[in-house]
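Hi there,

Here is the structure I promised to pass on.

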Amino acid sequence: MRIGMLMARHPRSKVSPIMPEVVELLTGWGAEVEILCPEDELTPLSDVRVEHDVYVLKSGSELALSLAGALHAAGATIVNPYPVAAACRDKVIATRVLQSAGVPTPETYLAAQAGELAPLLDYGPLVVKPYRGTNGVGVHLVWDPDQLDDVAHGGVIFAQRYHKPEGRDRKIYVIGGQVFGVKRVWPARTYEEKLGEPFTITPELREIVLACGRAFGIELYGLDIIMSEGNPYVVDISSFPGFKGVPEASLRLADYLYAAAERAVRGEPAVPVGAAPEVAA
Amino acid sequence: VRAVVIGPGRIGLGFAGELLDRAGAKLTVVGRGEVVDNLRRTGRYRVRLVDQGGEREREIPVRRALYAADVKAVAAEIARARLVAVAVRPENLGAIAPLIAAGLEARTRKKPLNVIAFENSVDAGPNLRAAVAERLPSGFPLERHGFSGAIVSRAVSGVLGEPEDREPLTFLGDPYERFEVHKPSLRKPLPEIPGLVRVKDFEAAFNRKLYVFSAGHVTVAYLGFLKGYRYVHAAVRDPEVRTAALEAMREGQQGLAARYGEALAGGEPELQAILWRFENAGLNDPVARVGRDPRRKLKRGERLAGAAGLCEAAGVPVAGLPLAAAAAVCFDGASHPADGSAKQPSAPPSALREICAAQAGSGFSDSVTAAWERFSSSWTRDAPLVRLSRPKT
């Protein structure tokens, strides 16, 4: 089986061993794995064609996403599927899909001008985020209308009602139906801080988590959850997070991706049919 | 040398047929359905043997492929054969006994026929002999012919290709070729076949495979399933699963050592070799396949309870075996966690009740119940970070 990994070149500063271990495991199991780093090379678009049984879209870059889109258009099988990855990248689409699936999310607003949010501040603070942002970059907690002047938005204002979080940041990772919760400090700077520590997923929270996957038809994803006054709110979804803090993450990922590649080789969808979305992504 | 293979499945063709071909035998294959159609059409099949060292493929010519319903033709082939290899599952031995009986009656050769049932069953040889005897006239000299079971070492995990295609089928397995037969039950001259090992205590050899290799295999499958792994080769790399499998196999060895002696039981190198085999990704062996039919595998005398029984008789404490059995209870009737529909098993599941009833009063029953309760209370398939809590001994 041939697997194309769309991922950023592992910089020396990045210490997570997970993806290199995944590649090593898959290779050891007999898969031909090719690392594809679109940022590192000039790609003639006319040369883009499907050369692998399955592609793994790990990279979070816009270039990798676009390349995945081109491969998708050419008939490639991608984990996670390009439409889902693209939807997850856009918080407007992702949040609406989650809302439609009954997933608890903070009240969410869209606007073209930041000033339009001012009346909402009468009812409490808002979190304003870049609608295609990641890693907390560009996130503003806005209490007063004056602060709205500082919000850079690029034409789309994405705002959510602020719910004061209880305790540390909560990340939830799902690999093939297995749910893992990791608590970590914010912002997590070191690798050890990013590994965090496990927290127990209650049955109610698990149901919410799996509803997110069903909404997009995926089994591999990460969620950012806020617990506020005992209530969970899903504030972000990632179609291929870092899985730091998940025990045996690389082994679990390799096992999942190997099965996905096997399905692709057999001509089946890389994501099992049982994971079909409840809401079109 | 002519040989007949009855049962064109994974073991029949992927193991027995391949070894017989290497022994220089001309093969006649007897079976039913589309596989026989394919063999008749192509006149051959392939065996691909893979492990971490690479793979090799052999093409096995099939002289004749016959339908089992064609009793006359099958009997004629058996009448001329030196050896019949049977791989039809133990419960089907009675159904093929008339073919062998007819072949023996039609036999004019003086040399004996040896029949080897590659069923991984302790009593396949005697059972087949008895079933054949029932179909022969009184006074037939059946004792001139040999009947033995065989303990198969090779894992044949799948068949590639479609029977209706024009291409031959390919059987995928690992390269192990050892198989043990009961020496006193077979008759000379026995063809020299690669991998053939004659043993006097067939039950001991059978139990060694069952209580070590098979116990370890299902331990990896059941605990791997609980932790969400899809493949044996991945699950066995998980430190907890690996430790539990080693523990279960060590317990099996200790029970065997007490019953049959340490030489038969084997030691740590054998366990490491078995783990290496489980790591073979070339087999693509899903945990769901290895773990299927957990209720049969949980029965008294089977790989987990049987090994535990030997341990109990010898006063050897067990921890890995009941942990695996408790995981098998969770596996029973469950869908894979990956399908998103898995539910925590309702308590107490009937499989657990059956174990307790079958093993009433034994320490194993109590240990399995305790392990299951631990899974149920501190572990669920849905749990955030699955850490198998292990009993203290």
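This is a predicted model: local features need pLDDT of at least 70, side-chain atom pairs count only at pLDDT 80 or more; totals for chains, interfaces and linings use all residues.

Residues are numbered from 1 along each chain as its sequence is written, chains are lettered from A and ligands numbered from 1 in the order in which they are written, and side-chain values use heavy atoms, with hydrogens and water left out.

Helices (H or I, at least four residues) and strands (E, at least two) are DSSP runs, numbered from the N terminus.

**Chain A**

Four strands make an open sheet in the order E5-E8-E6-E7, with antiparallel pairing; two strands pair if DSSP finds at least two bridges between them. Its edges are E5 (108–111) and E7 (140–142), each of which pairs on one side only. On average, neighbouring strands are turned by 30° against each other, direction ignored. Angles run from 0 to 180 degrees between N-to-C directions, and axes are lines fitted to C-alpha atoms, for helices over the stretch in contact.

E6(A) (residues 126–129) is joined to E7(A) by 3 bridges, and A:Val128 has A:His140 as its bridge partner in E7(A). Helix H4(A) (residues 91–100) lies across E5, E6 and E8 (157–161), at about 40° to E8(A).

Helix H3(A) (residues 82–89) is largely enclosed by the rest of the structure, because 6 of its 8 residues are buried. Buried means under 20% relative accessible area, exposed over 50% and partly exposed in between (1.4 Å probe, protein chains only). Among the buried residues are A:Cys88 and A:Arg89. The buried set packs against E3 (54–57), H2 (62–73), H4, H6 (203–216) and E13 (231–238) of chain A, where contact means heavy atoms within 4.5 Å.

**Chain B**

Strands E3(B) (residues 44–51) and E4(B) (residues 54–61) pair in the antiparallel sense over 8 bridges, forming a hairpin with 2 residues between them. B:Leu49 has B:Arg56 as its bridge partner in E4(B).

The axes of helices H4(B) (residues 93–105) and H5(B) (residues 124–134) come within 8 Å and cross at roughly 60°. Residues of H4(B), including B:Ile96 and B:Ile100, meet B:Ala124, B:Leu128, B:Ala131 and B:Val132 in H5(B).

Happy to talk any of this through.

Best wishes
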